[in-house]
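Hi,

Here is the model I promised to pass on to you.

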Amino acid sequence: MYDKQITVTSPLLPDLEEFNLMLKEIWDSKWITNNGQFHKQLEKNLAEYLGVPFVSLFTNGTLPLLTALQALRVTGEVITTPYSFVATTHCIWWSGCKPVFVDIDPHTGNIDPEKLEAAITPKTTAIMPVHVYGKPCDTKRIQEIADKYGLKVIYDAAHAFGVKVNGESILNAGDMSTLSFHATKVYNTLEGGAMVMHDEATKKRIDYLKNFGFAGETEVIAPGINSKMDEVRAAYGILNLRQVDAAIEARHQVAIKYRAALQKVDGITFMDEECGVQHNYSYFPIFVDAEKYGLTRDELYFKMKAANVLGRRYFYPLISEFSTYRGLPSATKENLPNAHKMADSVICLPMHHSLSDEDVERVIHIVLKNETSTL
Ligand SMILES: Cc1ncc(COP(=O)(O)O)c(C=O)c1O
């Protein structure tokens with residue numbers, strides 16, 4: 001057994017001394033939440049960095065999904081993907097809507113736009129796709145279908161921080177996009193999240209909705225929730241934003257090494273980098289074909305674990321397999337063959353900014369066929 005554990009992810013942490021200076025400012029001002037100076041600054045800095053018109057900060061990446069559904073007055077049925085983190089579908093459920101699962105494209109892991117129309121009924125009001133692993137959805141095709149049927153599109157862009165297609169932020173697609181700044185993400189604010197929207201009036205409404213619906217001291221415009229980001233996390237976020245490019249580049253270097261080492265391993269495949277896409281290297285999923293590789297996905301996963309290298313079977317099981325959703329008509333295995341295949345074969349390899357060359361070598365060594373789990 002190795003002493004050092006290689007984790008699947010590791011949080012990007014700001015410099016503690018710099019953070020302490022900002023904490024001192026917060027302590028001195030005694031303004032710790034409710035749209036303070038650091039909150040305002042981070043919203044501005046993020047909009048600039050991401051290349052989007054407006055950002056509204058949240059306490060996590062789940063509540064902006066719920067708030068987007070509320071703000072767009074989504075009702076009835078919402079089409080979504082089963083290949084995601086469970087929060088995506090939970091928000092549809094919490095908003096009183098019925099989730100309808102559509103299968104994924106086997107190459108991208110994202111909802112297959114060509115299967116959307118068959119799932120649309122008179123009750124459908126919105127589509128909630130996910131840019132899985134930060135890989136852009138086919139936003140053009142999805143928008144064409146949404147426009148044809150008058151549907152809203154809310155992108156769960158939890159994985160897509162900083163991703164651009166031909167120089168344009170992927171976060172500008174659809175009616176709204178949401179981000180997660182959870183500790184496991186490329187960019188984190190401890191816990192945190194955000195919503196990206198196109199216009200100032202929508203930002204204003206979202207800012208009300210994340211603060212109980214308060215519009216001023218005495219007026220409540222809707223049953224809003226409390227999901228405001230506090231000053232401590234906003235300050236942390238300001239500092240982390242300064243180093244996120246370096247962190248993404250470090251991840252890029254890890255991806256290059258994984259690709260070079262694993263490209264000829266029989267039975268192991270991974271996703272190609274797409275031309276014109278500025279990736280964020282948030283995850284490095286590999287897919288195990290047990291027959292060709294000689295081990296099942298789970299055998300490899302546990303072999304890694306035994307060597308103290310922690311991968312993650314992300315996203316397994318599918319959301320449609322959880323007991324809460326299993327009974328839905330769209331949750332059957334026959335309806336979601338590609339999603340099942342991906343969920344049954346995936347392992348996300350360790351991927352973060354602080355992996356050393358030696359760590360990467362250890363991961364590669366374990367995945368390489370016929371190698372034992374110890375160096
Ligand atoms: C695709 C997706 N959506 C939503 C979320 C929820 O984000 P948070 O954990 O910040 O609430 C996550 C977080 O892991 C996610 O991966």
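I will start with Phe181: at 0% relative accessibility, Phe181 counts as buried, where buried means under 20% relative accessible area, exposed over 50% and partly exposed in between (1.4 Å probe, protein chains only). Before going further, please note that this is a predicted model, in which local features need pLDDT of at least 70, side-chain atom pairs count only at pLDDT 80 or more, and totals for chains, interfaces and linings use all residues. Residues are numbered from 1 along each chain as its sequence is written, and side-chain values use heavy atoms, with hydrogens and water left out.

**Aromatic rings**

The structure holds 16 aromatic pairs. Rings of Phe, Tyr and Trp (its six-membered ring) pair if their centres lie within 6.5 Å; planes under 30 degrees apart count as stacked, over 60 as edge-to-face and the rest as tilted. One of the pairs is Phe181 with Tyr187: the ring centres are 4.9 Å apart and the planes stand at 85°, so this pair is edge-to-face. Tyr187 is buried too, with a relative accessible area of 1%.

Another pair is Tyr258 with Phe284, which is tilted because the planes are at 50°, with the centres 5.0 Å apart. This pair links distant parts of the chain, since Tyr258 is in helix H7 (residues 231-262) and Phe284 in strand E12 (residues 284-288), 26 residues apart. Helices (H or I, at least four residues) and strands (E, at least two) are DSSP runs, numbered from the N terminus. Tyr258 is buried at 0% relative accessibility, and Phe284 is buried at 3%.

Ring pairs also join Tyr83, Tyr133, Tyr283, Tyr314 and Phe315 into a cluster. Two charges sit over rings, by the criterion that NZ of Lys or CZ of Arg is within 6 Å of the ring centre and within 35 degrees of the ring normal. Lys210 lies over the face of Phe58, at 5.5 Å from the ring centre, and Arg297 lies over the face of Tyr316, at 4.4 Å from the ring centre.

**Helix packing**

Axes are lines fitted to C-alpha atoms, for helices over the stretch in contact, and angles run from 0 to 180 degrees between N-to-C directions. On the H7 side, Val254, Lys257, Tyr258, Ala261 and Leu262 meet Asp357, Val360, Val363, Ile364 and Val367 of H12, where contact means heavy atoms within 4.5 Å.

Helix H3 (residues 63-71) and helix H6 (residues 200-209) pack at an angle of about 120°, with their axes 10 Å apart. That makes H3 oblique to H6. Thr67, Gln70 and Ala71 of H3 make the contact with Arg205, Ile206 and Leu209 of H6.

**Around helix H4**

Which residues of helix H4 (residues 87-94) are buried? They are Ala87, Thr88, Thr89, Cys91 and Ile92. Their cover includes H3, strand E2 (77-80), strand E3 (98-101) and helix H10 (323-326). After H4 comes Gly96, whose phi is positive, near 80°.

Phe101 belongs to strand E3 and is buried at 1% relative accessibility. Among the residues that Phe101 touches are Thr89, Ile319, Tyr325 and Leu336, leaving aside residues up to four places away in sequence.

**Backbone details to check**

- Tyr314 and Phe315 are joined by a cis peptide bond, with omega about 25°; Phe315 is found in the loop between helix H9 (297-306) and H10.
- The bond from Tyr316 to Pro317 is cis as well, with omega near -10°, and Pro317 lies in the loop between H9 and H10.
- Arg73 has a positive phi near 55° without being a glycine. Arg73 lies in the loop between H3 and E2 and counts as exposed at 60% relative accessibility.
- Tyr133, a member of the ring cluster, has a positive phi of about 60° although it is not a glycine. Tyr133 lies in the loop between E4 and helix H5 (139-149) and is buried at 7% relative accessibility.

Best wishes

Methods
Parallel < 35°, antiparallel > 145°, perpendicular 65-115°, else oblique.
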